[in-house]
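Subject: Structure handover

Hello,

I am passing a structure over to you. Please open it first, then read the notes below it.

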Amino acid sequence: TQFAGGSGTETDPYLIETKEQLNNVRNNLSAHYKMIADIVFTNADFAAGGDFYNNGNGWLPIGNADAPFIGCFDGGGKSISGLTIVAKPSETAYIGLFGYCKNASVSNVNIINGKTEITASDDATVNAGLLCGRFQKGYLSNCTVSGNISATTTSVSWTSQRQIVVGGIVGYNGESTIKYCANSATVSTNSHNSFAVISSIV
């Protein structure tokens, strides 16, 4: 079964208790979800042959600009540990547990020891956060993140057209309400054209 229970409605959300079920969220971007157990990723999950190796890129973010996550995700106060992304974008990319959320609700999620390493080409535009790359016109509340997120570019020239937007919780916030969230992740970038958003409490 794709989930531990539920039908994906507001009153009967899909229930998530494994990393495989978490991955299945991408199959229905408009449904309601709730975590009912902590989820722990291991190094083996992201190594060659692991279920989330993804050609060495690690976790594939849920949602993108063409098909954003527009549903409701309630972490239930549970944690997601060890989530790893290694991205080498050459064009526009949205990177995080969720890549792109629009008109969505995400709450009560705790990401522990997340790891995101981005090496962007000279003209790439990147929105990256441990929880969500771009959060557009939605509602985000009661979430915490820890770990590391870094963005390295192939050039640090001021003339580059790139825009690297990196944050602990969310990379780019587009008119969303973000409340009661805490970031203790390390955020770093080498680009002069970058924006490093390092907010402890939003």
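Start with N57. Leaving out residues up to four places away in sequence, N57 touches T84, I85 and V86. A contact here means heavy atoms within 4.5 Å. N57 sits in the loop between α2 (43–46) and β4 (72–74). Its relative accessible area is 32%, so N57 is partly exposed. The cut-offs are these: buried is under 20% relative accessible area, exposed is over 50%, and partly exposed is in between (1.4 Å probe, protein chains only).

Some background on the model. It is a predicted model, where local features need pLDDT of at least 70 and side-chain atom pairs count only at pLDDT 80 or more, while totals for chains, interfaces and linings use all residues. Residues are numbered from 1 along each chain as its sequence is written, and side-chain values use heavy atoms, with hydrogens and water left out.

**The whole protein**

The protein has two helices and 20 strands. Both kinds of element are DSSP runs numbered from the N terminus: helices are H or I with at least four residues, strands are E with at least two. The C-alpha atoms fill a box of roughly 50 × 40 × 30 Å along the principal axes.

Of the 202 residues, 49% count as buried. Take the contacts between residues at least 6 apart in sequence: 72% of them join residues at least 24 apart. The protein exposes about 9,000 Å², and carbon and sulfur atoms supply 46% of that area. Areas come from the Shrake-Rupley method with a 1.4 Å probe; for residues, only the protein chains shown count as cover.

Charges next. There are 11 positive and 14 negative side chains, and the centres of the two sets lie 5 Å apart. Lys and Arg count as positive, Asp and Glu as negative; His and the chain ends are not counted. Each charge is placed at NZ of Lys, CZ of Arg, CG of Asp or CD of Glu.

**Cysteines**

How many disulfides are there? The count is zero, taking a disulfide as a pair of cysteine sulfur atoms within 2.5 Å. C72 is in no disulfide, and its nearest cysteine sulfur, that of C101, is 11 Å away. C72 counts as partly exposed because its relative accessibility is 26%. C101 is in no disulfide either; the nearest cysteine sulfur to C101 is that of C132, 3.7 Å away. C101 is buried, at a relative accessible area of 1%.

C181 lies in the loop between β17 (177–179) and β18 (182–183). Is C181 buried or exposed? It is buried, because its relative accessibility is 1%. C181 and T152 are 29 residues apart along the chain, and their C-alpha atoms are separated by 26 Å.

**A strand and a helix**

I178 is in strand β17. At 17% relative accessibility, I178 counts as buried. The C-alpha atoms of I178 and S141 are separated by 5.7 Å, and the two residues are 37 apart along the chain.

Q21 belongs to helix α1 (residues 19–23). Its relative accessibility is 9%, so Q21 is buried. Setting aside neighbours within four places in sequence, Q21 is in contact with Q2, F3, A4, L15 and I16. A124 is 103 residues from Q21 along the chain, and the C-alpha atoms of the pair are separated by 31 Å.

**Two asparagines with positive phi**

Most residues other than glycine have a negative phi. N108 has a positive phi of about 60 degrees, although it is not a glycine. N108 is in the loop between β9 (105–107) and β10 (110–120). With a relative accessible area of 24%, N108 is partly exposed.

N113 also has a positive phi, near 50 degrees. N113 is in strand β10. N113 counts as exposed because its relative accessibility is 56%.

Best wishes
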